[in-house]
Amino acid sequence: QYKAKLEQIRDDLPRKVDIIMQNNARNIIGQFKLRLYNKGTDGEGKLIGRYTQKTVYSKKKKVQKTSFVTLKDTGDFYGSLFLAKRGENYEITSSDPKVERLFEQYGDSILDLTEQEIAKIISDIIVPQLNQILYDFSDDLVIKL
């Protein structure tokens, strides 16, 4: 019975990870937005770019950041971000119609998480919640014995 329960948990882990990811999508996207807004870097850690003088002038009038590209002007792009599962992987994507133009201008890695962000998601979100699932399983087993 114990072996069957362990096999069930093993087989159910991908679904559990899916649930964990979806339940934490807002937090994951929030980490991404903070990096983009505070550092202006893509998933490879490279600065996306600098604004032209014309854009700097316009952004100063709106009291917005001007030191590097943040991809935040009206907030529509940031508001359009969501977490999507593609095969076995997750990615941040956007429903904003201008996203293809942003890829062309700034590169495909503008929506990527950095290696550090991925490691933080795994260590701070996924592992503790999977550990809780295993802990709950072991509690059930002890109670039944």
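**Exercise 1.** Is Ile-122 buried, partly exposed or exposed, going by its relative accessible area?

*Solution.* Keep in mind that this is a predicted model. Start by locating the residue: Ile-122 lies in helix α6, residues 115–144. Next, take its relative accessible area, which is 41%. Buried means under 20% and exposed means over 50%, so Ile-122 at 41% is partly exposed.

**Exercise 2.** Work out which parts of the chain the salt bridge of Arg-35 and Glu-117 links, and classify both residues by accessibility.

*Solution.* First, the contact: the side chains meet at 2.9 Å, N to O. The pair links distant parts of the chain, with Arg-35 in helix α2 (residues 25–39) and Glu-117 in helix α6, 82 residues apart. Now the accessibility: Arg-35 has 7% and Glu-117 has 10%. The cut-off for buried is under 20%, so Arg-35 counts as buried, and so does Glu-117.

**Exercise 3.** Find how far apart Lys-120 and Asp-124 are along helix α6.

*Solution.* The two residues form a salt bridge, with the closest N and O atoms 2.7 Å apart. Because they are four residues apart in helix α6, about one helical turn separates them. Lys-120 is partly exposed at 42%, and Asp-124 is partly exposed at 43%.

**Exercise 4.** Describe how strands β1 and β2 pair.

*Solution.* Strand β1 (residues 81–86) and strand β2 (residues 89–94) are antiparallel, with six bridges. Arg-86 has Asn-89 in β2 as its bridge partner. Two residues lie between the strands of this hairpin, and Gly-87 takes a positive phi near 65°.

Notes: Residues are numbered from 1 along each chain as its sequence is written. This is a predicted model: local features need pLDDT of at least 70, side-chain atom pairs count only at pLDDT 80 or more; totals for chains, interfaces and linings use all residues. Side-chain values use heavy atoms; hydrogens and water are left out. Two strands pair if DSSP finds at least two bridges between them. Buried means under 20% relative accessible area, exposed over 50%, partly exposed in between (1.4 Å probe, protein chains only). A salt bridge is a side-chain nitrogen of Lys or Arg within 4 Å of a carboxyl oxygen of Asp or Glu.
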